[in-house]
Amino acid sequence: MSAGPGGPEVRLVSRVILLDPEDRILLLHGFEPADPSDHWWFTPGGGLEEGESREEAALRELAEETGITRVELGPVLWRRYCAFPFDGRRWEQDEWYFLARTDQTATVMGGLTELERRSVAGARWWTSEELSAARETVYPTRLAELLRTLLVEGPPDVPVVLAPEIV
């Protein structure tokens with residue numbers, strides 16, 4: 001953890017842009033525990049544990065949240081600061097998004113934390129076209145555009161710093 005722009009602790013997070021052999025992206029379906037009608041889609045990932053690298057956290061979180069372990073972890077694509085209310089508290093996060101590839105498409109959510117069990121409804125593989133046409137909330141908010149660019153141009157030479165998202 002480190003200090004954020006307003007001084008509070010910022011949670012260090014690794015997220016995974018997981019693509020299958022057909023270039024579909026895996027997203028998790030989350031919701032506010034106190035209000036299941038408030039829902040969204042997001043990339044797998046979570047906070048670093050003590051002594052863990054960003055890469056180690058990305059692979060551990062992916063395995064815990066999806067059961068997917070046959071992964072080729074690639075470079076960091078994007079970095080972003082975000083802040084949002086969730087489960088009765090304010091979260092501030094410094095997120096790194098890693099590119100990853102897998103041929104393992106079946107998901108098993110056996111390693112979810114207690115909070116994740118109360119706030120994750122499932123997982124789905126999305127094509128770039130489906131994501132672009134989605135009317136649902138997706139985080140990061142520009143994910144459809146970012147994925148299209150990634151699939152056309154490949155990974156950036158250095159991580160792209162995305163605009164902060166503050167809710």
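Student: Which exposed residues does the face of α4 turned away from its buried side carry?

Tutor: That face carries V152 and E153; exposed means over 50% relative accessible area, buried under 20% and partly exposed in between, with a 1.4 Å probe and protein chains only. The model is predicted: local features need pLDDT of at least 70, side-chain atom pairs count only at pLDDT 80 or more, and totals for chains, interfaces and linings use all residues. Residues are numbered from 1 along each chain as its sequence is written, and side-chain values use heavy atoms, with hydrogens and water left out.

Student: What makes the buried residues of α4 lie on the same side?

Tutor: The buried residues of α4 (residues 143-153) are L143, A144, L146, L147 and L150. They cover an arc of only 165° around the axis, so they are on the same side of α4; the arc is that of the directions from the helix axis to the C-beta atoms.

Student: What do the buried residues of α4 pack against?

Tutor: Their partners include β2, β6 and β7, where contact means heavy atoms within 4.5 Å. Helices (H or I, at least four residues) and strands (E, at least two) are DSSP runs, numbered from the N terminus.

Student: How do you know that β6 and β7 pair, and how many bridges join them?

Tutor: Two strands pair if DSSP finds at least two bridges between them. Twelve bridges join β6 (residues 72-86) to β7, and the two run antiparallel.

Student: Why is the pair of F84 and W91 called stacked?

Tutor: Rings of Phe, Tyr and Trp (its six-membered ring) pair if their centres lie within 6.5 Å; planes under 30 degrees apart count as stacked, over 60 as edge-to-face and the rest as tilted. F84 and W91 have ring centres 6.5 Å apart and planes at 5°, so the pair is stacked. F86 and W91 are 6.1 Å apart centre to centre with 55° between the planes, a tilted pair.

Student: Is F84 buried, exposed or partly exposed, and why?

Tutor: Its relative accessibility is 22%, so F84 counts as partly exposed. W91, at 10%, counts as buried, and F86 is buried with a relative accessible area of 11%.

Student: What sits over the ring of W91?

Tutor: The charged end of R89 does, 3.6 Å from the ring centre. The criterion is NZ of Lys or CZ of Arg within 6 Å of the ring centre and within 35 degrees of the ring normal.
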